[in-house]
Amino acid sequence: MLFPTIRFALFFMVTWGVLLGVRDRPVARRVVLLGASWAFYASWDWRWLALVWSMIGINHVAARGVAWSPTAGGRRLALVLGIGADLALLGTFKYYDFFAESVVGTLDLLGVQASVPLLQVALPLGISFLTFQAISYLVEVHRGVTVPAPLLDEAVWLSFFATVVSGPITRASELIPQLDRVPRATDPGASFALVLRGLFKKVVLASYLASSVVDEAFASPAAFSATEVLFAVYAYGALIYVDFSGYTDIARGVAGLLGFHLPENFDAPYRAASVQEFWTRWHMTLTRWLRDFLFTPLGLRYGRHRIIGPLLPLLIMLAAGLWHGAAWTFVVFGGIHGLALVAERADRLRRRRLGIGRPPDTLGRRVLRHVVTLQVVSLAWLFFRAESMSAAWAMLHRIATGPLATGQITALAALTVVGIYGLQLVRAPAVAERVQAWAGRTGPVPQAVGLAGALTVVDVLGPAGVAPFIYFGF
Amino acid sequence: MALTTPTPTLPPDEAPPDGAPRSRGAWRPFVVAAVALVLGALLNADELQRTAARQTVGWERDVLVDLAAVPQEVADASRLNRPRRWAESLLGTPDPGGSVIERPAPPPARPPVESDVPGTDPTGSSTSTSSSTSTTVPARRTPTASAPLQVAVLGDSMMQVLGQSIVNGAAGDDRVETTLEYRVSTGLTRPDYFDWPGRVTELLASGPLDAVVVMFGANDAQGMVLPTGSEPFGTQAWLDEYRWRVAWVMDALAAGGADTYWVGQPVMRSDSFSARMAALNEIYASEAALREHVTYVDAWSVLSVDGAYASHLDDGSGPTSVRQSDGIHLSRAGGDRLAAVVLDEIRNDWRLDR
């Protein structure tokens with residue numbers, strides 16, 4: 001059940017209406033939300049519910065073990081066992097076949113014929129997001145930031161239909177307290193605006209870029225010129241932004257209508273002037289997770305290590321790349337970001353050691369930093385999107401050696417890509433906010449007319465049928 | 001290190017006095033959304049009707065079509081569907097047409113062509129077809145860099161990866177020029193969604209084609225709307241009609257002077273879906289066998305192990321994934337493997353030595 005469908009709209013309205021009907025009964029609210037979330041998840045494959053139930057059960061028991069063990073060793077053991085079980089589930093579904101194929105391929109290169117049975121099972125949607133949320137819960141309980149939640153609350157949080165498939169990656173400590181407020185929207189106008197903005201990004205912009213520029217160029221680079229392939233790479237950077245941030249906007253919007261406040265996930269990422277800054281603006285809840293549960297604890301432990309210390313960003317970004325998908329292209333994606341972070345960190349440390357500050361921030365230097373950052377990020381996107389390493393090399397080879405024709409780049413496509421990047425670089429006038437504020441002051445009838453009109457515009461401009469969100473695969 | 005995000009405070013006029021939600025205004029955004037959706041249904045009544053008609057033929061589709069007729073009637077009476085119609089005409093959105101296909105007139109027989117290849121029968125022999133049309137064996141020219149072989153690659157979402165692999169596989173040979181056109185969720189059972197016979201006619205009229213690679217079927221194992229009513233998949237009437245449509249496309253391509261390479265469906269992970277695909281493959285293969293200008297490419301044997309589904313096949317360097325996780329579509333490696341077979345057939349027929 002994709003967000004931009006009539007089916008989801010009906011599902012959401014029924015869920016919302018029933019929640020409002022039981023809004024004075026706390027347990028009933030939670031049960032309704034849980035039932036709706038499980039129905040939403042089961043709409044893809046009901047068998048995947050077993051995974052959600054396993055996650056809920058494992059982490060419920062582990063969290064209590066962590067909180068109630070009388071000794072520090074016992075708490076630590078419960079934490080390790082809980083995280084180990086979460087990672088075992090993730091590893092089984094997502095990574096087993098990848099590693100088995102890699103091992104067999106490597107042995108084959110060495111002349112050793114090996115055969116490893118493959119699981120060949122479909123990857124449950126959202127398993128990576130579920131795992132990260134579950135781990136954050138156990139660690140927060142271990143750190144004393146939060147206490148073990150009642151089973152029903154934990155189940156509602158982990159299963160919540162707005163976040164279960166592609167985030168944002170929330171924490172028990174920020175979402176469970178909000179269950180007492182559901183289903184009262186704190187700012188319905190802003191939530192409606194988020195939904196509409198997300199629909200426009202996904203249904204109109206992302207669909208257009210995917211079908212008219214990106215898919216064909218990545219599949220058959222030989223049929224395009226060097227300029228066109230390069231343009232497709234930049235177009236993919238724009239596409240994945242509107243696709244993923246569009247999904248997040250819709251998720252935050254529908255959650256907001258139910259009274260939930262979900263964390264921001266994007267903040268004009270292509271405005272970044274360094275790769276480090278990029279990760280403070282792109283998929284912010286993932287960055288927050290990596291910072292709090294990998295970088296900070298590992299930094300405290302290995303930060304002063306002569307070899308591991310400087311390479312820590314690289315190691316973490318390699319893991320982040322692998323989190324996105326079980327393929328070498330994702331490892332390279334993480335590696336490119338990791339190396340850039342290592343280089344930026346080394347430069348900062350060198351300047352600090354030599355006592356030289358940053359050079360004056362001239363316009364030229366700012367532009368240069370933006371341009372360099374965009375090239376690094378775009379190179380990483382090329383590997384992220386490529387179907388295989390050989391496909392990525394074919395793209396790079398075409399960019400390096402192909403002709404310079406631009407005949408297949410339409411003015412509309414160029415305008416769309418430039419617009420998506422450009423609107424992040426300049427401070428856009430707050431027209432949307434003013435319209436939203438004005439709409440909030442009007443009566444319900446003009447609001448409903450405006451909403452219906454906006455939905456019509458999105459539907460007319462979008463294609464018939466919508467492709468799944470890119471981040472569903474992770 | 002702040003690990004928690006503070007929850008937003010409620011506006012003063014709506015803040016509950018004692019932690020309990022207050023009822024006032026709670027329904028208002030819901031009512032706004034509900035009215036917007038109803039109004040949206042009226043503004044987009046035409047598209048709702050089309051969406052309902054695109055569903056799989058069966059009782060659910062019948063119910064949806066009946067339900068969609070309600071906003072359609074209201075929108076017609078109130079003219080609320082006019083803005084969308086006006087916007088679509090402005091944008092040039094094509095009208096997909098009705099849900100029942102009129103049987104197109106049988107294509108004319110292929111005209112005999114003078115052969116420029118020594119040893120080739122210039123006229124060929126007439127072949128019998130189950131659709132009562134007759135075609136003749138084509139005379140093949142010799143493709144060159146200045147007059148390359150014009151190959152159109154047509155199909156549904158299965159053709160996306162396969163077609164891209166065919167385009168890639170032919171890219172290094174300047175004697176072959178490929179064009180790929182795939183339409184997701186299409187086939188021969190639902191011309192109301194996309195009219196492939198009509199598209200084939202358009203393509204043939206737009207310029208000469210030497211060869212056409214075709215792959216349909218993955219979306220075709222569903223009910224069909226016939227002039228006599230809905231027909232569920234697998235009945236004799238359904239099979240007869242589907243066979244007729246397959247034959248029509250084959251004969252239309254022949255009449256347009258193109259060789260056809262009809263790619264069958266591969267084995268699927270689902271046994272029941274595989275059985276349906278096998279039934280369609282029998283139609284493709286048997287109709288192709290009746291026509292000398294049509295080559296049936298057996299994807300089933302190319303992408304299976306002893307006829308059974310395999311997500312991975314050994315490519316000489318260990319197991320390689322040949323299918324996508326849905327157990328239906330091809331991975332890039334699977335597409336490449338099948339494309340190599342298709343291209344070999346084309347090269348052999350057209351004497352394109354590497």
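**Exercise 1. Two domains in chain B**

How far apart do the C-alpha centres of domain 1 of chain B and domain 2 of chain B lie?

Solution. First, the ground rules. Residues are numbered from 1 along each chain as its sequence is written, chains are lettered from A and ligands numbered from 1 in the order in which they are written. This is a predicted model, where local features need pLDDT of at least 70, side-chain atom pairs count only at pLDDT 80 or more, and totals for chains, interfaces and linings use all residues.

Step 1. Find the domains. Domain 1 of chain B covers 28-91 and domain 2 covers 149-350. Such bounds come from an automatic or database domain assignment.

Step 2. Take the distance. The two C-alpha centres are 34 Å apart.

Step 3. Look at the contact. Domain 1 of chain B gives five residues to it and domain 2 of chain B gives seven. (Two residues are in contact if their C-beta atoms, placed from the backbone, lie within 7 Å.)

Step 4. Sort the domain 1 side of chain B. It holds two nonpolar, two polar and one charged residue. (Ala, Val, Leu, Ile, Met, Phe, Trp, Tyr, Cys and Pro count as nonpolar; Asp, Glu, Lys and Arg as charged; the others, Gly among them, as polar.)

**Exercise 2. Where the chains meet**

Determine which helix of chain A supplies the largest share of the side that touches chain B.

Solution. Step 1. Count both sides. The contact joins 50 residues of chain A to 43 residues of chain B.

Step 1. List the helices. At least two residues each come from α1 (6-21), α4 (72-109), α7 (172-175), α8 (188-219), α11 (284-302) and α18 (444-461) of chain A. (Helices are DSSP runs of H or I with at least four residues, strands are runs of E with at least two, and both are numbered from the N terminus.)

Step 2. Pick the top one. α18(A) has the largest share, with 10 residues.

Step 3. Sort by type. This side of chain A has 25 nonpolar, 13 polar and 12 charged residues.

**Exercise 3. The build of chain A**

Why does the radius of gyration of chain A agree with that of a compact globule?

Solution. Step 1. Apply the rule. The globule rule is 2.2 Å times the number of residues to the power 0.38, and the radius itself is taken over C-alpha atoms. With 474 residues, the rule gives a value near 23 Å; chain A has 24 Å, so the two agree.

Step 1. Name the elements. Chain A has 18 helices and zero strands.

Step 2. Check burial. In chain A, 45% of the 474 residues count as buried. (Buried means 20 or more other C-beta atoms within 10 Å of a residue's own; exposed means 12 or fewer; partly exposed is in between; C-beta atoms are placed from the backbone.)

Step 3. Zoom in on one helix. In α6 (residues 151-159) of chain A, the buried residues are A:Glu154, A:Ala155, A:Val156, A:Trp157, A:Leu158 and A:Ser159. Their cover includes α2 (26-42), α3 (49-68), α5 (127-143) and α7 of chain A.

**Exercise 4. Confidence**

Decide which stretches of chain B call for caution.

Solution. Step 1. Start with the average. Chain B has a mean pLDDT of 81, and 80% of its residues score at least 70. (pLDDT is the predictor's confidence in each residue, from 0 to 100.)

Step 1. Find the low stretches. Residues 1-22 of chain B stay under 50. Residues 112-135 of chain B are also below 50.

Step 2. Draw the conclusion. Where pLDDT is low, the predicted coordinates should not be read in detail.
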